[in-house]
Amino acid sequence: MRNIRNDGEHDDNQVVAWMRDADPVSDLAPLPSWQLERLKETAMTTPTTTPAPVKSRRRLITVAGISAAAAAAIIGGVLIAGPNTTPGGGAVTALSVPDAGGPAAMCAEVTPQALESSTLAFRGTVTSIRDGLVTFRVDEVFTGDLEQAVTVPQGDPDTQVDGAAPVFQDGTTYLVSTTDDVIRTCGQTGEETAALDTLYSQAF
Amino acid sequence: MSVSGDRARFDQVAAVVVEPLRRFLARRVDQATADDVLSETLTVLWRRVGHVPVGEEVPYAIGVARLQLRNTLRAMRRQERLVAKIITVDPPPETIAEAGSTDSRAELVRDALSQLRDVDAEVLRLHAWEELTVSEMAEVLGMTTNAVSIRLHRAKKKLADTIRKMHAPTGHVVVKEGDRP
């Protein structure tokens with residue numbers, strides 16, 4: 001358990017010893033077994049907190065998807081959900097991007113009310129972009145049930161029209177929202193800026 | 001996995017993780033919040049029981065609890081902002097104020113810890129208190145093992161420096177030249 005470093009730095013060991021002495025719960029009494037049983041029962045009977053999909057929003061995306069189908073076919077931007085693991089092997093939430101965008105799609109203004117209906121919303125930093133798959137480290141979850149890493153297919157930089165999948169940059173922090181497991185575009189997902197951050201804090 | 005298989009695995013997971021989770025939470029928040037987050041964390045673990053890695057139940061559960069805790073604290077802050085608009089509220093309680101230790105060195109270390117950046121303090125807590133390895137911390141924090149090693153090394157230095165600054169060895173305050181009135 002404690003094979004963290006072996007560089008024999010006296011100072012380092014001293015700091016860890018101080019920390020251990022300062023542990024505020026070294027004497028926590030174990031949970032009585034009946035309480036653990038009750039907790040488990042609660043866990044197994046609690047309904048999922050993830051909100052139901054927003055129907056109207058879903059339809060809108062479908063319509064946009066149809067209207068953009070021709071454009072998507074020409075551009076050849078094939079966007080599918082990524083595999084369910086990270087290169088590091090940890091648990092991952094795999095998201096996809098809408099088949100939307102194109103000349104027929106038009107974006108509305110981003111508002112806190114619009115963001116409120118997100119299935120998932122989080123602040124995440126891009127840790128890698130490989131083979132068209134962007135991996136995020138989740139820094140903060142605003143709503144929904146997420147793993148600590150999230151994958152999203154990378155957008156096509158040549159298709160940056162209204163509603164197109166975002167193009168992410170490595171190392172940059174984004175605010176991301178989804179409907180079900182489909183990334184919301186139209187500015188609802190974007191680089192962390194003061195303006196978008198304000199909208200997110202009003203929504204969540 | 002069958003329902004009974006899920007149930008058996010959940011029993012196993014819960015038995016292994018419940019005490020580490022309770023300590024993790026008690027080190028960070030008040031009892032009522034800790035109870036809530038423990039319950040939420042177990043709910044998530046039940047829903048994902050098929051994904052909990054065998055042999056790595058504790059770091060996985062701590063990773064879940066950490067995100068649940070952040071959600072809860074965020075909601076609490078939002079609630080506090082709302083309440084603050086209507087009435088004057090007392091400042092939020094110190095999260096580990098109820099530690100009950102009168103040991104002055106322990107107090108000093110906890111004070112110093114609270115002065116570090118969140119991420120530095122968290123790496124130190126996960127290492128010294130939760131006793132996670134570097135790779136386990138990397139999993140919990142969503143960082144590379146290399147990044148965690150570097151962060152841990154620096155955090156130890158920062159804590160030692162902060163303690164040294166706060167601690168005047170012979171009881172007198174260290175005064176630098178030019179500080180005198």
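Biologist: What joins strand β1 (residues 92-94) of chain A to β4(A)?
Modeller: Three bridges join them, and the two strands run parallel. DSSP must find at least two bridges between strands for them to pair, so three is enough. Within this pairing, Ala94(A) stands opposite Thr151(A).

Modeller: Before we go on, this is a predicted model: local features need pLDDT of at least 70 and side-chain atom pairs pLDDT 80 or more, while totals for chains, interfaces and linings use all residues. Residues are numbered from 1 along each chain as written, chains are lettered from A and ligands numbered from 1 in written order, and side-chain values use heavy atoms, without hydrogens or water.

Biologist: Which way do β3 (residues 133-143) of chain A and β4(A) run?
Modeller: Antiparallel, joined by five bridges. Val134(A) stands opposite Val152(A) there.

Biologist: Why is β4(A) called largely enclosed?
Modeller: Buried means under 20% relative accessible area (exposed is over 50%, partly exposed in between; 1.4 Å probe, protein chains only). Five of the five residues of β4(A), 149-153, are buried, so the rest of the structure largely encloses this strand. Ala149(A), Thr151(A) and Pro153(A) point one way, Val150(A) and Val152(A) the other.

Biologist: How do you know that the span of helix α2 (residues 31-47) of chain B agrees with expectation?
Modeller: The expected span is 1.5 Å times one less than the number of residues. For 17 residues that should be 24 Å, and the end C-alpha atoms of α2(B) are 25 Å apart, which agrees.

Conventions. Helix = DSSP H or I, 4+ residues; strand = E, 2+ residues; numbered from the N terminus.
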